[in-house]
Amino acid sequence: MHIRLSVFFILCLLCATLSATTLTNAQKEQLKALLPSITLNDRTLEKLEDIFYTREMPVRSRLKAISQMVGLDQMPPGSTLKRTICIWDIGGRNGPVFNAAMEQRALAIEYGINLDMVPYTNETVMVEELKAGLCDAALMSGLRARQFNLYSGSVDAIGAVPTDQHMQTLLQVLSHPKQAGHMVQGDYVVMGIYPAGAAHIFVNDRSISSLAKAAGHRIAVLDYDQTQAEMVAAIGATPVATDIVSAPNKFNNGQIDILPAPLVAYEILELYKGMSPDGGIVDYPLTQLSMQLIGKLDKFPNEVAQLIREASFEAYPMVIKRVEQETKRVPERWMIHIPDKDKQEYEVMMQDARDALRKQGYYSGDMLTLQRKIRCKINPARSECSITQ
């Protein structure tokens, strides 16, 4: 995922003091102090504000205009600001996500920004280091992001985002300034949300093609999420607590029978080993997954994060193209096509689960309502669209 990391570091330098649409005298002096070799009069500051808050220009164009206006691109490398960005990538330093981040580091250096990119193969460890302040921001799964922001962390709600089209519409809405108030929770701010592809059910036996047939089988659930275990137990299956890194190995070794996972994991994690010889992938997405960049609010004010979120959505076509390239690696012979009746059963089950988890406070009610509006806009014929909520 080619994440435009350079965007928010440029903004941190230029705009970290812009916590309101009008700069106070103290904020003006703080901004001037960041760029001691550049003269910033009130007129220049007003122009900066105009460029910063407009949505008539792409983010990259705004950044270029700001950079040229204050001469940021002429400053020596590493002379301004340092931020530590932690990147979760199962492949570690050689993984595709981390390599994309390093490409952006090179761009940021051109603007005089010193980035320390740190790869993590263990998402749990990375999250704890973000909490401890060792990371200024961290890229993690949407499932993990829920502990930092319930609203954005509910993007991955089961069955709430059926297709890529729904995901693109949702992320477009979430990148708008009107959503900015939802993006801060406590000491953290959501800086970007990226598509990670659809989650499907991988099975080691093709006969496990419906919820009813899952009863009695072992299903992987995340060890930090007790709710998943409760949902699995409710359908008569056996939950097996694991983490994202070890779950594929347990599936491949026959320790679990059913593994919910994105299609992009098929080749990277060699899931064909666990499906051989009689398994497959249920051709019905549970939801569209996300990756989310979560930052410390004292390092990245929400006004800065807003432009980052806009830049993140601008990158959507490129990110989804990479996701699609990975999903195309899955041979058609593995797909288990299920009848419409079974699909309807899945929809009912997932709707009931979302309603129950909303009441428990596990999912954000505001996010579920937004997702329902998008589903009904795209397909008004859905049965849920005739019900007033």
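Reader: How many helices and strands does the chain have?
Author: In this predicted model, the secondary structure of the protein chain comes to 18 helices and 10 strands.

Reader: And what share of the residues is buried?
Author: Of the 389 residues in the protein chain, 53% are buried. The accessible surface comes to about 17100 Å², and carbon and sulfur atoms account for 51% of that area.

Reader: What about contacts between residues at least 6 apart in sequence, how many of them join residues at least 24 apart?
Author: Within that set of contacts in the protein chain, 75% join residues that are at least 24 apart.

Reader: Let me move to α6, which of its residues are buried?
Author: Helix α6 covers residues 123–131, and its buried residues are Glu-123, Met-126, Val-127 and Leu-130. Seen down the axis of α6, these buried residues fall within an arc of 100°, so they line one face of the helix.

Reader: What caps the N-terminal end of α6?
Author: That is Asn-122, which places a side-chain oxygen 2.9 Å from the backbone nitrogen of Thr-124.

Reader: Where do Phe-148 and Tyr-188 sit in the chain?
Author: The pair links distant parts of the chain, with Phe-148 in the loop between α7 (142–145) and α8 (150–153) and Tyr-188 in strand β5 (residues 188–203), 40 residues apart.

Reader: Are we talking buried or exposed for Phe-148? And which is it for Tyr-188, buried or exposed?
Author: Phe-148 is buried, because its relative accessible area is 3%, and Tyr-188 is buried too, with a relative accessible area of 13%, where the cut-off for buried is under 20%.

Reader: What is the geometry of the Phe-313 and Tyr-316 rings?
Author: The rings of Phe-313 and Tyr-316 have their centres 6.1 Å apart and their planes at 35°, so this pair is tilted. Both Phe-313 and Tyr-316 are buried.

Reader: Which ring does the charged end of Arg-146 sit over?
Author: The charged end of Arg-146 sits over the ring of Tyr-362, at 3.6 Å from the ring centre. There is also Arg-83, whose charged end sits over the ring of Phe-300, 5.9 Å from the centre of that ring.

Reader: Phe-300 reminds me of Gly-295, what does Gly-295 touch?
Author: Leaving aside residues up to four places away in sequence, Gly-295 touches Asp-136, Ala-137, Asp-187, Tyr-188, Val-189, Met-191 and Phe-300. Gly-295 lies in strand β9 (residues 280–296) and counts as buried, because its relative accessibility is 0%.

Reader: Where is the cis peptide bond?
Author: A cis peptide bond joins Ser-276 and Pro-277, with omega at about 0°. Pro-277 lies in the loop between α14 (272–275) and β9.

Reader: What is phi of Glu-270?
Author: Phi of Glu-270 is near 55°, which is a positive value in a residue other than glycine. Glu-270 is found in the loop between α13 (265–268) and α14, and at 31% relative accessibility Glu-270 counts as partly exposed.

Reader: Back to helices, where does Met-231 lie and what does it touch?
Author: Met-231 lies in helix α11 (residues 226–234) and, not counting residues up to four places away in sequence, touches Ile-158, Ala-353 and Leu-357. The C-alpha atoms of Met-231 and Ala-353 are separated by 7.9 Å, although the two residues are 122 residues apart along the chain. Met-231 counts as partly exposed, because its relative accessibility is 26%.

Reader: Last one, is Thr-242 buried or exposed, and which residues does it touch?
Author: Thr-242, found in strand β7 (residues 238–242), counts as buried at 4% relative accessibility. With residues up to four places away in sequence left out, Thr-242 touches Ala-220, Val-221, Leu-222, Asp-223, Ala-247 and Lys-250.

Key. Residues are numbered from 1 along each chain as its sequence is written. This is a predicted model: local features need pLDDT of at least 70, side-chain atom pairs count only at pLDDT 80 or more; totals for chains, interfaces and linings use all residues. Side-chain values use heavy atoms; hydrogens and water are left out. Buried means under 20% relative accessible area, exposed over 50%, partly exposed in between (1.4 Å probe, protein chains only). Helices (H or I, at least four residues) and strands (E, at least two) are DSSP runs, numbered from the N terminus. The arc is that of the directions from the helix axis to the C-beta atoms. A polar contact is a pair of N or O atoms within 3.5 Å; within protein, one must be able to donate a hydrogen and the other to accept it, and residues adjacent in sequence count only if both atoms are side-chain atoms. Rings of Phe, Tyr and Trp (its six-membered ring) pair if their centres lie within 6.5 Å; planes under 30 degrees apart count as stacked, over 60 as edge-to-face and the rest as tilted. A charge sits over a ring if NZ of Lys or CZ of Arg is within 6 Å of the ring centre and within 35 degrees of the ring normal. Contact means heavy atoms within 4.5 Å. Accessible areas come from the Shrake-Rupley method with a 1.4 Å probe; for residues, only the protein chains shown count as cover.
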